[in-house]
Amino acid sequence: MKRLFGWIIFAVLALPAAAQQVPVSSYMLDNGMQVVVIEDHRAPVVTHMVWYKIGAADEEPGKSGLAHFLEHLMFKGTAAVPDATFSAIIEENGGDDNAFTTQDYTAYYQRIAVDRLPLMMEMEADRMRGLILDDAAMLTERDVVLEERALRTESDPGSLFSEQRSAALYLNHPYGIPTIGWRHEVEALTLQDALDFYHLYYAPNNAILVVAGDVQPEQVLALAQQYYGPVAPSEGITKRVRPQEPPQTAERRMVYHDERVATPYMIRAYLAPNRQSGDQAQAAALILLADVLGGGGITSLLGSRLQLDEDIALASGAFYGGLSYDPTSFGVYVVPKPGVTLEQAEARLDATLDYLLQNGVDPERLARSKAALLADEIYAMDDQMGLARRYGAALVSGLTVEDVQDWPAALQAVTEADITAAAQALFDERSSVTGYLMGAKEAAE
Amino acid sequence: MKRFLTLIALIITAAAPLRAANEIQVVTSPGGITAWLVEEQSIPMVSMQFYFKGGGSLDPADKQGATNLMMGLLEEGATGITATEFAERSDELGARFSFDAGRDSTSVTASMLTANLDQSIALLRLALIEPTFDQVAFDRVQGQVFSILRSDATDPSAIASDRFQELAYPGHPYARNPDGTLETVAALTPDDMRVAFARALTKDRLIIGVVGAISAQELAPLLDDLLGDLPDTSVGEVPDTQVALSGGVEVIPFDTPQSVALFGHAGLSRDDPDYLTAYVLNHIMGGRATTARLTVEVRKKRGLTYGISTFLLPFQHAAVYMGHLNSGNDTMAEAIEIIQAEWAKMAEHGVTQQELDQAKRYLTGAYALRFSGNAAIAGILTGLQVADLGVDYISTRNDLVNAVTLDDINRVAARLYQPENLQFVVVGQPVGLVE
């Protein structure tokens, strides 16, 4: 058999630079609302999103789940669009709509034919300040949210464990509190809680409009001025300052037993820096560290050692997002094969981390990671909603349009030395939580 | 408020035109392999989907799970290339491949950069034509399948699904989980993989959709390079059957705070003349719209669930109509009563003209949203061929939806909805549910 694969180590991605950037325009309305337009002229459809710079980490103590609960209530009606008909009107127009909440933001979106964009703006601007709520709607929706918590968290031992680990990782920062809220606090949320949060934070000077699709930037700006321009800003918006972490000096370890667990695993999170506006180099190094260490299955350092050479793991990996308003986390995990204990898996994980710190990264592996990231940029252009989310999520996390556009280059600029330095700063057990997820206690012993 | 209502009245007419509708090319290679192509030059990438009729239902009972494991092994080593080298090479080329097995089909999807297309195709060819199924890779992937099967055994949704299939299709391959069982997967060997491979990936089972920066002239020879060495045919047929569901509620006790329910009865096959009408009906009953009857009754009015939906599953050999919800253990009984009542109401009274008009506006407008990218459109192109819908279907589909009349849809409602046969499978600790 002819060796097809020996001769190319690094594929050459002969892509014109221009092909890798989609056209993006940014404006600021007089009332403080940022407007971002992403052009995608392949089909006459549009993605319309409004992002509020308010998330679960901005809730008062004791009110966990409020940002997400309000997201649900935003569909309950205004004077102009009463009786929870918001989504019905979108559907009447052949569109889909939804919303999502994270620690750092709350976002609402519609995907629809481009000639309906004015209607979307009219309705979204209307509910930015005009929400009307009553107790009956609030109480029913609170039950829905509790069902959502039961579905997403309580029915899944992995999610329950994740909630406990986050609570341990953040000693002081509200990222330790789940976005969906602790059950006992969600059960106690009131109509007034939701209205107070809404009136304070839902305003054009705390929001970003992202429109992606078959549109011209000036046309979107004119529509935004017409529909969002008249909306009054809130006077209560200040720079977000959340309680920050003190020096972390004690490694944390936890074990969670649940009889629903059939496949035990060990997982560790380290506190990690997030992408900073104008300075994304360290976050870029951590992205590539995660990929070289634990991305791409068996081609990663963890995969090749633990799944192939040592043959002790069913799966392994490392993960880091980097996009958040405040410092975030970097995770590593090992799912051992039956017969291998979690302690053994952890020991082999630690040996792999030591190996990386001693030997640095394989330059060929780094080059392959970068090639795959370049390809991701091409594929990202095929996903209109994904592009809109990429810009929206970055902007509400304190980054700029320029930061988003610089990010692919920041990733390509990462060197082997950058990764080693990032790993040395990161892997400090004092700022980590190591968790074991196991089956029922009797069975485990 | 009036302003909004005027605007709405103006725009209930045309849905977005779809470029893909007018531009499907049927490409046949010199070697006789046919693909549907939509040429889209604006991004330097190509998406392909390869769909092979057959799937896990072709596994003999004692080899249950063979096709699934085989598909998981296609990227794990081929002639002259190890699993690691295959993955590394994919990264170098920026190519993404995925390999899947279902009840009725196996499928391969590929997204490739135009700049590296020939090399990406050469790599994919190795996986599709010359996989080696070596023992080391086999053992490793088999271990991963065991892990999935063990997790399924304590997952309420998976438990409900397995039981629902057993009740719906007794004695038929559809009753079996295509992933296999711990026993059948443990008994499989690399030789079984070779048998499953020879059966699954053949030219007579193959359907292809391609979208991206490639012309018909460029695509045709690539099809032969990639697939020309596949066998022409293989033996293996799954018999047609009937859905055996005949009503009732079965509870499988499981310690969880929230119950899971699956419900359903016989559905309509994709080639049934009433299928599209049933599709509109399902949208009104339990589709994704917030105005769907079940969403309004179970979620919006009463807060009994985060999500409830129903869907037509037109499997090749016996179509089923199915629904799904999660609800607290103390509220599941109430939710089931509501569903049963809605089923009976629909069978007896059908829908209103207003509901039908509303559904048409959503379905015709939202059709364009499905064509959201190259990969999505490649999937649609194979789906149209699987359903034998013709190359002009996309441009006529909204007319077909608009042509559904109230008499039509209510005739089909009486046919589709069978309250007496509506079977529930509930996994959890529901309170007050009597079988």
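Colleague: Which residue in β13(B) is the bridge partner of B:E250?

Modeller: The bridge partner of B:E250 is B:V425, in β13(B). Bear in mind that this is a predicted model.

Take the strand itself. β13 of chain B spans residues 423–428. The strand is mostly covered, with six of its six residues buried. B:Q423, B:V425 and B:V427 point one way. B:F424, B:V426 and B:G428 point the other way. In a regular strand, side chains alternate between the two faces of the sheet.

Now the pairing. Strand β9 of chain B, residues 248–253, pairs with β13(B) in the parallel sense. Six bridges link β9 and β13(B). Strand β10 of chain B, residues 258–266, runs antiparallel to β13(B). Five bridges join β10 and β13(B). One pair there is B:V260 with B:V427.

Next, the nonpolar core. The largest one holds 268 residues. A:W51, A:L209 and A:L286 touch the most other members. Helix α9 of chain A, residues 281–294, gives the most to this core, with 10 residues. Domain 1 (24–227) and domain 2 (248–428) of chain B both give residues to the core, so it lies between them. As for A:L209, its contacts beyond four places in sequence are A:M33, A:Q34, A:V35, A:V36, A:V50, A:A224 and A:Y228.

α14 of chain A covers residues 401–412. Its A:V404, A:W407 and A:L411 are buried. Seen down the axis of α14(A), the buried residues fall within an arc of 30°, so they line one face of the helix. A:E402 and A:A409, on the other side of α14(A), are exposed. The cover over the buried residues of α14(A) includes α9, α12 (363–380) and α13 (384–395) of chain A.

Last, the contact between the chains. Chain B puts in 71 residues and chain A 66 residues. On the side of chain B that touches chain A, the elements giving two or more residues include α1 (2–10), β7 (105–113), α6 (135–152) and β12 (320–328) of chain B. α4(B) gives the most to that side, with nine residues. By type, the residues of that side of chain B divide into 30 nonpolar, 27 polar and 14 charged.

Key. Residues numbered from 1 in each chain as written. Chains lettered and ligands numbered in written order. Predicted model: local features only at pLDDT ≥ 70, side-chain atom pairs only at ≥ 80, totals over all residues. Core = buried A, V, L, I, M, F, W, Y, C linked by C-beta atoms within 7 Å. Buried ≥ 20, exposed ≤ 12 C-beta atoms within 10 Å, placed from the backbone. Helix = DSSP H or I, 4+ residues; strand = E, 2+ residues; numbered from the N terminus. Domains from an automatic or database assignment. Contact = placed C-beta atoms within 7 Å. Nonpolar A, V, L, I, M, F, W, Y, C, P; charged D, E, K, R; others polar. Pairing = 2+ DSSP bridges. Arc of directions from axis to C-beta.
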